[in-house]
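Thank you for asking me to look at this structure with you. Please keep the sequence and the 3D view open side by side while you read my points.

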Amino acid sequence: MEIKVLKNIMHANQQLAEENRKFFKERNIVAVNVMASPGAGKTSTILKVIEALRDKVNICVVEGDIASSIDAEKIDKLGISVVQINTGGGCHLDANMIRTVADDLKLEENSILFIENVGNLVCPSSFDLGEGIKLVIASVPEGHDKPFKYTSMFQEADVIILNKMDLMPYIDFDRDSFYKGIRALNETVPVFEISCKTGEGLPAFVEWLGNKVK
Amino acid sequence: MHEYAVTKNMLAVALEEAEKAGAKKIIEIRLVIGDLSTIIDESVQMYFDFLTEETIADGAKLVFKRVPAVFQCKACSIEFNKPAKGFDCPQCGAMGAPTGVGREFYIESIEVE
Ligand SMILES: Nc1nc2c(ncn2[C@@H]2O[C@H](COP(=O)(O)OP(=O)(O)OP(=O)(O)O)[C@@H](O)[C@H]2O)c(=O)[nH]1
Ligand SMILES: [Mg+2]
Ligand SMILES: [Zn+2]
């Protein structure tokens, strides 16, 4: 006997993600799923935003990593509530992991929750966490062709950062091609060019994000 | 890379549907997967064989229906299969955009007894 199913393969994850989304929404928590390749500047960006916004908004962080707690320690040093998830080799976070740590965070209403995903431009895009904002960070030394190779990531982004702008003079990075790829996939997504090293461009992104909490 | 987690999710859906129908055995699972989903069929099959041990899906056959990614040209509107490199329209050279075809990721049906 044939049974018609027509259900998304990720059905179980999506159901949990919807529960997370409701949980965050009820408390006016802006959950930001931070996705990028290894070393693009996820932790650096989070640290910069914490510095700029901590006096105005409560901020918490979930650090997803394959095995270490290096990034979580950097956040903890600032006195910011942080929970480490080690995926034990897994290439992404999933909705269930976020649900199990949500209670460990000092999540106040009206706050920002950064979720640093595992460094990877492929797998995290398949796993909805229940976030409100998908932030994708590309960085200059990775090259301008990333939107063409990792289409899902750039297509689904709610906001894109191009980090390490200070390195532009040293890298053959074709900005036109980068933007062409992004605009083909995602016509209206805001793109912020920043440098975590010089601080260039960060205020504009911080303002954009700060406005999401009200 | 994430085929293990994907396979686990997929099996959960199939088992739930089979149970609802009171089935004793799952013989076949038919999947529809767009080429933009980053999944390797052989890898799913490998995890599937391992994960289904001692379930009613043990020994079931996985059938993959692959859907090519279709883009639409923003200038001349023709639809075309995404070229291996870039998103350019083969007719006029302008940039194409994804249509949604090629992002399928669902279980179409299962065969049970
Ligand atoms: N020159 C320059 N270096 C940067 C910038 N942002 C980050 N870096 C450096 O890039 C390296 C990686 O930065 P991280 O913030 O740890 O990157 P990440 O994405 O969190 O890395 P993983 O968590 O390991 O995937 C560090 O050595 C940073 O100091 C930037 O804007 N300019
Ligand atoms: Mg990091
Ligand atoms: Zn055309």
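The points below take up a metal site, a pair of helices and a loop residue.

1. Please bear in mind throughout that this is a predicted model. In it, the magnesium ion (ligand 2) is coordinated by A:T43 through OG1, by A:D71 through OD and by A:E116 through OE, at 2.1 Å. Along the sequence these donor residues follow the spacing T-x27-D-x44-E.

2. How do the two helices lie against each other? The axes of α2(A) and α3(A) are 11 Å apart and the helices pack at an angle of about 10°, which means that α2(A) runs roughly parallel to α3(A). From α2(A), the residues A:T43, A:I46, A:L47 and A:I50 meet A:D71, A:K74 and A:I75 of α3(A), and this contact comprises 4 nonpolar, 1 polar and 2 charged residues.

3. Please look also at A:T87, which is found in the loop between β4 (81-86) and α4 (95-102) of chain A, and which is buried, with a relative accessible area of 15%. The side chain of A:T87 reaches the backbone oxygen of A:G90 at 2.7 Å. If neighbours within four places in sequence are left aside, the residues in contact with A:T87 include A:D65, A:I66, A:H92 and A:V118.

Technical notes. Residues numbered from 1 in each chain as written. Chains lettered and ligands numbered in written order. Predicted model: local features only at pLDDT ≥ 70, side-chain atom pairs only at ≥ 80, totals over all residues. Heavy atoms only, no water. Donors = N, O, S within 2.8 Å, 3.2 Å for Na, K, Ca; no water. Axes fitted to C-alpha atoms, helices over the stretch in contact; angles between N-to-C directions. Helix = DSSP H or I, 4+ residues; strand = E, 2+ residues; numbered from the N terminus. Parallel < 35°, antiparallel > 145°, perpendicular 65-115°, else oblique. Contact = heavy atoms within 4.5 Å. Nonpolar A, V, L, I, M, F, W, Y, C, P; charged D, E, K, R; others polar. Buried < 20%, exposed > 50% of the residue type's maximum accessible area, 1.4 Å probe, protein only. Polar contact = N/O pair within 3.5 Å; in protein donor to acceptor, adjacent residues only side chain to side chain.
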